[in-house]
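Me: Here is a model with its sequence. Please go through the fold and the chain contact with me.

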Amino acid sequence: MSRVSEKDLHDWLSGALSGDQNAYLRFLEAVTRIARGFLLSRGIRRQEVEDLVQEVLISVHKAKDSFDRKAPVLPWLFAIIQYRLADNFRRMSRNLAGTNYVEIEENSYTPNHEDRLFANQMLENLPSRDQKILRALKVEGQSVREISLDMGISESAVKVYAFRAIRLLRAKIGDSSDEN
Amino acid sequence: MKTEELVGNLVHDLRPTRHVTWRMKAAFWIMVSSLYLVVVAYFFGFRLDLSKKIYEASFAIPLLALASLAVGSAIVFTFLSVPRLEITRVQKSVPWIIVWLWVVYLGMSLSSSGGLHFHGFLHPISWTCARDLLLFGAVPFFVAWALVKSGAPTQPRMASFHSLMASGALGAIGVQLICANDSPSHLLAWHVLPLIVIVMLFRKLVATTFRWA
């Protein structure tokens with residue numbers, strides 16, 4: 001799926017509110033990707049993201065009647081996503097006592113700016129198809145199925161390309177560290 | 001359940017809907033609540049000197065302040081029944097306008113009477129004003145609650161505060177129309193204080209009912 005604009009979202013949601021199921025499917029697929037990307041960018045752990053995305057989808061479905069067709073979609077949508085995120089933090093805060101944060105801190109890894117630059121640099125060395133697959137899979141958090149639909153190739157082909165790209169990257173990183 | 005399956009189910013569940021704007025909700029609330037106010041006040045009996053009092057600034061201005069408070073809060077709670085990120089000028093300014101209207105209202109009432117008179121505070125008959133305020137405010141509150149609940153409030157506390165405030169202000173107007181005691185001490189203790197107490201006591205509880213499942 002290519003980049004989604006405010007106009008696309010508005011058209012799809014307006015169509016959905018008139019009962020167009022196809023438009024609604026496109027809208028919800030776009031919401032899935034936006035919510036997933038947003039939540040990942042907020043540092044939510046990957047295993048929690050999918051649950052939250054589903055909560056967002058259900059909330060959007062319940063709240064869709066409140067959408068004003070004359071208003072933009074994104075502020076409405078992000079208000080719902082942020083509400084769900086805040087709700088998630090509220091739930092988490094109730095379970096603070098039982099969490100071992102020292103252990104989490106020791107086991108977690110958050111890439112810094114230099115790491116990101118390095119990863120980008122390494123990705124740019126790959127062929128464009130492999131680059132696209134790896135970015136979609138590892139950076140944007142898309143599923144294999146979404147990538148296969150987006151690129152028009154089979155799911156197993158996506159997995160194979162991703163595997164080869166990672167192997168190639170490992171080799172390149174090995175080379176570059178040898179140079180250093 | 002996988003996300004793709006959920007999307008499929010939600011799409012299958014789609015029904016065409018008719019959108020009700022927050023302006024329509026606000027207008028509906030003001031209309032229904034005003035009608036209820038008049039009917040209940042008629043049932044209790046308007047104060048006998050109302051036709052004269054309505055032209056006195058010391059009576060009319062606080063009444064207008066309460067009406068503005070009710071309408072202002074109604075605008076805010078219906079506005080907040082729609083998810084939104086942007087804080088508009090309306091959202092920013094209305095709570096302050098409300099606060100200032102209260103300050104003006106109390107200041108005017110007290111200055112015109114030369115200060116507080118505590119002897120009238122606990123007069124047994126005064127309790128009926130607090131009871132009437134609850135009665136006048138009950139139906140407007142349930143209508144407000146239903147309007148917010150039928151939307152999707154992402155700021156439940158603020159929506160709760162303003163739905164209680166709007167209904168309470170309307171209740172205070174109702175009491176003002178039937179109560180013949182104009183002593184500022186009485187107004188403060190039995191017309192204003194119950195409203196503040198109700199808002200403070202119930203705002204958290206109401207907010208929890210506005211949370212999404």
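**Fold and chain contact**

Reply: From the N terminus on, chain A runs α-α-α-α-α-α-α-α-α, where helices are DSSP runs of H or I of at least four residues and strands are runs of E of at least two, numbered from the N terminus. This is a predicted model, in which local features need pLDDT of at least 70, side-chain atom pairs count only at pLDDT 80 or more, and totals for chains, interfaces and linings use all residues. Residues are numbered from 1 along each chain as its sequence is written, with chains lettered from A and ligands numbered from 1 in the order in which they are written.

Me: Which helix supplies the largest share of the side of chain A that touches chain B?

Reply: The contact takes 28 residues from chain A and 21 residues from chain B, two residues being in contact if their C-beta atoms, placed from the backbone, lie within 7 Å. On the chain A side, α1 (6–17), α2, α3 (46–63) and α4 (73–94) each supply at least two residues. The largest share, 8 residues, comes from α3(A).

Me: At what angle do helix α2 of chain A and helix α1 of chain B pack?

Reply: Axes are lines fitted to C-alpha atoms, for helices over the stretch in contact, and angles run from 0 to 180 degrees between N-to-C directions. For α2 (residues 21–41) of chain A and α1 (residues 3–12) of chain B, the axes are 9 Å apart and the angle is about 145 degrees.
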